[in-house]
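Hi,

Here is the structure I said I'd pass on.

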Amino acid sequence: MEKNELILLLKQSNQEAFTTLYKEHWKQVYNFSRLYLTSQTIAEEVVQEVFIKVWESRDFIREDENFKGLLFIITRNLIFNMHRKNLNEDFYKMTVLAAMESSYDIEEEIEAKNLGEYIDRLIGELPPRRREIFNLSRKGNKTYKEIAELLDISEKTVENQIGEALKYLRKNMVMLSFFL
């Protein structure tokens with residue numbers, strides 16, 4: 001079924017259309033959230049909250065707009081507000097999310113797919129061991145302890161490597177925003 005048809009059905013409160021959209025997009029929302037959230041549980045909560053907001057605002061979604069872009073905007077705003085509540089000023093300085101105004105439509109500049117490809121390319125530029133640790137954490141959904149045991153390194157090393165990887169990604173995402 002075409003995306004536009006699914007959106008039209010969603011606007012009519014069709015739960016099957018909502019479920020289909022959820023199944024097609026939850027992993028993208030989750031992976032995007034994990035770039036900015038170290039907790040797997042919190043990232044999962046963000047995914048749930050994003051789709052709750054989609055359901056609650058279904059009457060206002062336009063079928064001719066890019067649905068992935070809408071998901072990224074909602075996700076960005078949720079993460080932004082979550083960190084604002086925690087008063088984590090470093091987050092504001094380090095992320096492209098904080099640099100964007102809430103009305104900024106990321107899809108006007110770069111398609112969500114291209115953003116994902118850009119992030120994957122940045123991950124590919126990490127030193128091999130750091131990339132391996134980062135991928136085990138974010139794509140493999142492994143805890144720091146599990147990674148440490150698997151690679152026979154300390155949890156502190158895992159934490160440091162993840163921190164360095166995130167710092168690199170955030171720096172380059174901010175640099176990307178200057179070109180948009």
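Phe-18, Tyr-22, Phe-51 and Trp-55 form one aromatic cluster. For pairing, the ring centres of Phe, Tyr or Trp (its six-membered ring) have to lie within 6.5 Å; planes under 30 degrees apart are called stacked, over 60 edge-to-face, and the rest tilted. That rule gives six aromatic pairs. One of them is Phe-32 with Tyr-36, edge-to-face at 5.7 Å centre to centre and 65 degrees between the planes. Phe-32 also pairs with Phe-72, again edge-to-face, with 4.6 Å between centres and 85 degrees between planes. This second pair links distant parts of the chain, since Phe-32 sits in helix α2 and Phe-72 in helix α4, 40 residues apart.

How exposed or buried are these rings? I use buried for under 20% relative accessible area, exposed for over 50%, and partly exposed in between (1.4 Å probe, protein chains only). Phe-32 comes out buried at 5%, Tyr-36 is buried at 4%, and Phe-72 is buried at 12%.

Before going further, some housekeeping. This is a predicted model, so local features need pLDDT of at least 70 and side-chain atom pairs count only at pLDDT 80 or more, while totals for chains, interfaces and linings use all residues. Residues are numbered from 1 along each chain as its sequence is written, and side-chain values use heavy atoms, leaving out hydrogens and water.

On the overall fold: the chain has 10 helices and zero strands, taken as DSSP runs numbered from the N terminus (H or I, at least four residues, for helices; E, at least two, for strands). Of its 180 residues, 39% count as buried. If you take contacts (heavy atoms within 4.5 Å) with a separation of 6 or more, 64% of those in the chain are between residues 24 or more positions apart.

Leaving aside neighbours within four places in sequence, Leu-35 touches Ile-119, Phe-134, Leu-166, Leu-169 and Arg-170.

Helix α3 is worth a look of its own. Which residues of α3 are buried? They are Ala-43, Val-46, Val-47, Val-50, Phe-51 and Val-54. Seen down the axis of α3, these fall within an arc of 125 degrees, so they line one face of the helix; the arc is that of the directions from the helix axis to the C-beta atoms. Glu-45 and Glu-56, on the other side of α3, are exposed.

Also in α3 is Glu-49, which is partly exposed at 32% relative accessibility. The C-alpha atoms of Glu-49 and Leu-78 are separated by 8.1 Å, though the two residues are 29 apart along the chain.

Cheers
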